[in-house]
Structure formats: C-alpha cells, structure tokens
Amino acid sequence: VSRLAELVARSEASRQPTHARDLYHMACLTALRGERARAIELLSTAVAQGFEDKVVLDDPDLRSLAGPELDEIRARVRRRLSAPTPERPGFQARVP
C-alpha cells in the first residue's frame, strides 16, 4: 500500500465516516492494508446504509476479503440490484 493510501486511511479513520460511499472507500483502503475483519465490517455497514454500486461485485481492492462474509455482502448487493425500483426497468408501483 502506498504511503498516500496510508495517510488517506488515517485521515478518514479519524473522522469516522458515516456516508455509505465513504464507508465503502474506507473498506477498500482497510482491505488493502490487510485489516480483513475491519474491512468486512466497514463494507457490510456501507451496504446496510445503501451502498449498492455494482463495483462491489468485482473490485480488485476487495480481493483480500475473499470468503463467506464477502460472498454474503455481494449477494445482498446482487439482490438489491436485481430488485425493481422506480429507477430500474420492471418497476411496478403498488397501489394500496
């Protein structure tokens, strides 16, 4: 991991990111630093807070997290991406 990535990770960690995208980027940096458990925690929180970008499915920064926890997180993202919403084709609004 580059010195710049380490500095960014320390800076980000000190301000306790709460936005889903920030959490995702922190998860990537943390994974690159070899802190697997913390990276999984950050990634899971990012997805729980609504981060559902398809980049999660094949981001090389997450390669070191391979295993059942990452598979579960990716499955959640796949389910969300395949679910119909107003922004996605196939959405049908429910009328009460």
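In the predicted model, the axes of helix 3 and helix 4 approach to within 10 Å and cross at roughly 15°. Because angles under 35 degrees count as roughly parallel, helix 3 and helix 4 are roughly parallel to each other, and their crossing is left-handed. On the side of helix 3, the contact is formed by Arg 36, Ile 40, Leu 43, Ser 44, Val 47 and Ala 48, which meet Glu 69, Leu 70, Ile 73, Arg 76, Val 77 and Arg 80 of helix 4. Sorted by class, the residues of this contact comprise 7 nonpolar, 1 polar and 4 charged.

Helix 3 also packs against helix 2, and the axes of these two helices come within 8 Å and cross at roughly 160°. Since angles over 145 degrees count as roughly antiparallel, helix 2 and helix 3 are roughly antiparallel to each other; the crossing of this pair is likewise left-handed. From helix 2, the residues Ala 20, Leu 23, Tyr 24, Met 26, Ala 27, Thr 30 and Ala 31 take part, and they meet Arg 38, Ala 39, Leu 42, Leu 43, Thr 45 and Ala 46 of helix 3. The contact of helix 2 with helix 3 contains 10 nonpolar, 2 polar and 1 charged residues.

The largest nonpolar core has 20 residues, of which Tyr 24, Leu 43, Phe 51, Leu 62 and Leu 65 touch the most other members. At least two residues of this core are supplied by each of helix 2 (20–32), helix 3 (36–48) and helix 4 (68–82), and helix 2 gives the most, with 7 residues. When neighbours within four places in sequence are left aside, Phe 51 is in contact with Ala 20, Arg 21, Tyr 24, Ala 46, Val 56, Val 77 and Arg 80.

For the protein chain as a whole, the secondary structure amounts to 4 helices and 0 strands, with the elements running α-α-α-α from the N terminus on. Of the 96 residues of the chain, 32% count as buried. Among contacts between residues at least 6 apart in sequence, 58% join residues that lie at least 24 apart.

Notes. Residues numbered from 1 in each chain as written. Predicted model: local features only at pLDDT ≥ 70, side-chain atom pairs only at ≥ 80, totals over all residues. Heavy atoms only, no water. Core = buried A, V, L, I, M, F, W, Y, C linked by side-chain atoms within 4.5 Å. Buried < 20%, exposed > 50% of the residue type's maximum accessible area, 1.4 Å probe, protein only. Contact = heavy atoms within 4.5 Å. Axes fitted to C-alpha atoms, helices over the stretch in contact; angles between N-to-C directions. Parallel < 35°, antiparallel > 145°, perpendicular 65-115°, else oblique. Left-handed = near helix turned anticlockwise from the far one by under 90°. Nonpolar A, V, L, I, M, F, W, Y, C, P; charged D, E, K, R; others polar.
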